[in-house]
Amino acid sequence: MKSKNIFSNKQSDFLEYLLALSKDPNKKIPSIKNIGQELGLSTPCVREQIELARNLGLIEVKPRKGISLLPYDFSPAVVKSLYYAIKSNKEYFVQYSDLRNQLEKSFFIESVKLLDRSDICSLKSIVKNAVKKLNCDQIQIPYQEHRAYHMKIYCKLNNIFVEGLLKSYWDMYELVGLDHFADLSYIKRVWEYHELIIMMISKGEYEKAYQFLEEHINLIYERKGSILEEVE
């Protein structure tokens, strides 16, 4: 049975064209006019294909610098689709949050066993900075530390799709405004768990660290109703 092509012939041809270029890092992407001549496409059609590739995160377009290929990243296409979904129905953020939680649990022990001493020191530093923000006279919400902490735990996994899905979660977390969430008691509990998790990881007690991760995730489920109220 012939597989269904998810792209039009023009889109497929353009993506194949980019793939061919990616195999030769010394070769620059030609001008729009030259691309059109090579592929037999009109200038408006080439611009359309370029915009598709840009939205997929495959290329970068800059004035005077032209078109550049980017290293493959799964998240740009995911986050754009997520943004539309969540704006149409905020329940989708809760569903994606559930997916992210299960993803973190599934890869947690495998990931933390790959962390070296430098990674663990970085995680401890992230926790220290976050706690400092929460306990200073002018309290700050440590959103960037929260994102950095979770992404750092999975940094050695070497799975571009897991990384892309997790990164997309944090991109959406920020886009829908949850980085401004200000329930101080909840946030402090979250960072208590973060500190316990890294303490167990540093001791090599991975199963105990996983138990604390599960308890941390349960806090999120307790907050499920309020998340829907907070999503713009």
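Close-up 1. Lys 156 is partly exposed at 33% relative accessibility, where partly exposed lies between buried (under 20% relative accessible area) and exposed (over 50%), computed with a 1.4 Å probe on protein chains only. The model is predicted, so local features need pLDDT of at least 70 and side-chain atom pairs count only at pLDDT 80 or more, while totals for chains, interfaces and linings use all residues. Residues are numbered from 1 along each chain as its sequence is written, and side-chain values use heavy atoms, with hydrogens and water left out. Lys 156 forms a salt bridge with Asp 116 at 3.2 Å, N to O, a salt bridge being a side-chain nitrogen of Lys or Arg within 4 Å of a carboxyl oxygen of Asp or Glu. Asp 116 is likewise partly exposed, at 34%, and a network of salt bridges links Asp 116, Asp 119, Lys 152 and Lys 156.

**Close-up 2. The salt bridge between Asp 73 and Lys 167.** The side chains of these residues meet at 3.1 Å, N to O. Asp 73 lies in the loop between strand S2 (66-69) and helix H4 (75-88), and Lys 167 in helix H8 (residues 160-175), so the pair ties together parts 94 residues apart in sequence; helices (H or I, at least four residues) and strands (E, at least two) are DSSP runs numbered from the N terminus. Asp 73 is partly exposed at 23%, as is Lys 167 at 28%.

**Close-up 3. The salt bridge between Arg 100 and Glu 104.** The closest N and O atoms of this pair are 3.4 Å apart. Both residues belong to helix H5 (residues 91-112), four residues and about one helical turn apart. Arg 100 is buried at 4% relative accessible area, and Glu 104 is buried at 2%.
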